[in-house]
Structure formats: structure tokens, C-alpha cells
Amino acid sequence: MRPEGEITRGTTNPSRLRKPDRWITQALLPALRAAERPLVIDLGFGASPVTTLELYRVIRAVVPAAEVIGLEIDPERVSAARRRLAALRAAGAGLPGLDFALGGFELPAPRRPALVRAFNVLRQYPQEGAWAAWARLRAGLADGGVLVEGTCDEIGRRAVWVSLPARGPGLITFSTRLASLHRPSDLAERLPKALIHRNVPGEPVHAFLRDFDRAWDAAAPYSAFGARQRWLAAVASLAEAWPVLRYPPRGGPRRWRLGEVSLPWAALAPPGSTSPD
Ligand SMILES: C[S@@+](CC[C@H](N)C(=O)[O-])C[C@H]1O[C@@H](n2cnc3c(N)ncnc32)[C@H](O)[C@@H]1O
């Protein structure tokens, strides 16, 4: 059977997904630990399996029983990844519980995944295709499973992702390297496909980024103490008007200090969209 989806550009880079991976291993840790032998799928790993290997390492460090499968719709990329895995194993790396396979949105795997990470995959699809992919991927999750779908820049300084459970409300998270941030709305160019065309006046995501910029401007005096203090002040003020998550493991000052802010997906979902929840 032909994998569901389209082959797209395979651009990737080592460490570009370190911010979402850190979030996954901290904010989603309870969900990952709840499964006995959680299966994690990295969908659309690209021209090199490097970010799948990174995900494998960070997940196994906190959930040693986890198994990871990198899925790609391009058969040549799957063959290259398998050759790389064989070479690493021949060199003594071991890497138990890691595999690469041909597949798409149908998520072919021995069992349903507790986590699907799909990064920089949907940006090259039409907007309607992205909505449909969300529904399809969520339907393939294990009970209690989560889809993390997002976008980042080439070297992972800025990222935005949604985390959507199999059932129930999702979240959207903005993450940035603070030292190079000019304004919070710089993150607009990394919005997931479902929102990128919605960043226009009248849409919630536009109002959110506008308010975030205003809070950032008002917090300018804090830059004397560094970008982190300015960000913390801006997020605290933003949280008065927007339902920013305030408590661990997904919100609160410890996450804000990392240059992150999360809020319910419903707060930014385009009105009338066919989006989940
Ligand atoms: C830009 S690369 C992203 C690589 C890596 N995830 C990263 O963020 O660096 C996108 C990859 O997703 C693959 N892809 C696109 N649609 C897919 C689908 N439906 N199923 C599996 N892979 C897909 C493309 O072939 C491409 O190799």
C-alpha cells in the first residue's frame, strides 16, 4: 500500500529539534511513563535520520523502555537511514528499540504510538491537507497518546508546535532562543501550517502576537537585567489577558525562563475552523 502523503524537501539539521525534544521529555513525561513500553514515531525524519537519533537518545534517557521508529515517505531516505543505523550498530552503538521504516500518515507500526513527533513536515502541504493530517494522525494514536506537530527554523532557535492528544484539548507552545529575539512576533514565521495564513487582523493568533509585542515593549526596562528577565515580565503581563499556562509541567516561570510559553490551542484556533477542540 502506498504511504499516505507527499514526498517533500528533506532539509534537516542536527540539534534543530532540541527545544521541542526538551519540552517532550519534560512536559509529556507523565504521558510517556504511563505506557509500559511506549512507542514513539518520528514522522518525516528527512534526508538524514539525525533528529530521530537525537529523539531516541533523549527519550530513552528518561523512559528506557521506549521504542522509536523513524517513518519517512521517501523510500531512498528510509534506505539511507537503515544503512546509517546498521553502520552505527556495526561500530558498537547498540541502539536497541530503534528502527526506520517506510510510512506516512497511516502510521504503519506494530502498535499504536504514545507519541508522534512530526516536525517541519506539514509546512509544505496545503492548509486543508494540514487539518486532515491532524485528524488522521490523532486517530492513529494509542489511548493517552499525543501528536506534537510543529515548525522551526534551520538551526532550531525558534519553534512553534501544537500538542494534540488523541482525545481532548490541545496546547500551542512558542519557544525561542531569547538572546537573538528581536520581538515575540518574530515567531510568526514559524507558526504551524494550520495558523500561518491566519496571522491577519481579526484572527486570535494575530491579536495574541500583537499583545505579546506590546507586553515586550512595555517590559523594555527589564532588558537592563537581560533578555530573560524581559521575557519573564512580558509573559507575566500577557498572562493577565491570555490563558497562558501557569503551572508545571507545561507552564509557569520555570518554562517561561527557557523562552517558552504555552496556552490552550482553543485560545488561538481560527474561529469556525474544522480544527480539533
Ligand atoms: C523538511 S523534512 C523535516 C525533517 C525533520 N523532521 C526535521 O524537522 O528536521 C520533511 C520530511 O517529511 C517527509 N514527509 C512529508 N510528508 C510525509 C508523510 N505524509 N509521511 C512521512 N513523511 C513525510 C518528507 O519526505 C521530508 O523528508
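Which helix is Glu76 found in? I looked it up: Glu76 is found in helix 4. Helices here are DSSP runs of H or I with at least four residues, strands are E runs of at least two, and both are numbered from the N terminus.

**Ground rules.** I am working with a predicted model, where local features need pLDDT of at least 70, side-chain atom pairs count only at pLDDT 80 or more, and totals for chains, interfaces and linings use all residues. Residues are numbered from 1 along each chain as its sequence is written.

My cut-offs, with C-beta atoms placed from the backbone, are 20 or more other C-beta atoms within 10 Å for buried, 12 or fewer for exposed, and partly exposed in between. Leu102 is 26 residues away from Glu76 along the chain, and their C-alpha atoms are separated by 9.3 Å. Helix 4 (residues 75–90) lies across strand 2 and strand 3, and runs at about 160 degrees to strand 3. For such angles, axes are lines fitted to C-alpha atoms, for helices over the stretch in contact, and values run from 0 to 180 degrees between N-to-C directions.

I followed an open sheet of eight strands in the order 3-2-1-4-5-6-7-8, with mixed pairing. Two strands pair if DSSP finds at least two bridges between them. Strand 3 and strand 8 (260–264) stand at the edges with a single partner strand each, so one side of each has no neighbour in the sheet. On average, neighbouring strands of this sheet are turned by 20 degrees against each other, direction ignored.

Is strand 8 mostly covered or uncovered? Mostly covered: four of its five residues are buried.

I compared the length of helix 3 (residues 50–62) with expectation: its 13 residues should span 18 Å at 1.5 Å a residue, and the end C-alpha atoms are 19 Å apart, which agrees. The expected span is 1.5 Å times one less than the number of residues. Buried residues in helix 3 include Leu53, Leu55, Tyr56 and Ile59. Their cover includes helix 1, strand 1 (39–43) and strand 2 (67–72).

I have domain 1 (18–176) and domain 2 (180–262), with bounds from an automatic or database domain assignment. Their centres, taken over C-alpha atoms, are separated by 26 Å. The contact takes 27 residues from domain 1 and 16 residues from domain 2; residues are in contact if their C-beta atoms, placed from the backbone, lie within 7 Å. On the domain 1 side, strand 7 gives the largest share, six residues.

I found a cis peptide bond joining Pro248 and Pro249, with omega about 5 degrees. Pro249 is in the loop between helix 8 (227–238) and helix 9 (253–256). Leu107 is not a glycine, yet has a positive phi of about 55 degrees. Leu107 sits in the loop between strand 3 and strand 4, and is buried, with 21 other C-beta atoms within 10 Å. Ser15 has a positive phi near 70 degrees, lies in the segment before helix 1, and counts as exposed with 12 C-beta neighbours inside 10 Å.

Notes. Two residues are in contact if their C-beta atoms, placed from the backbone, lie within 7 Å.
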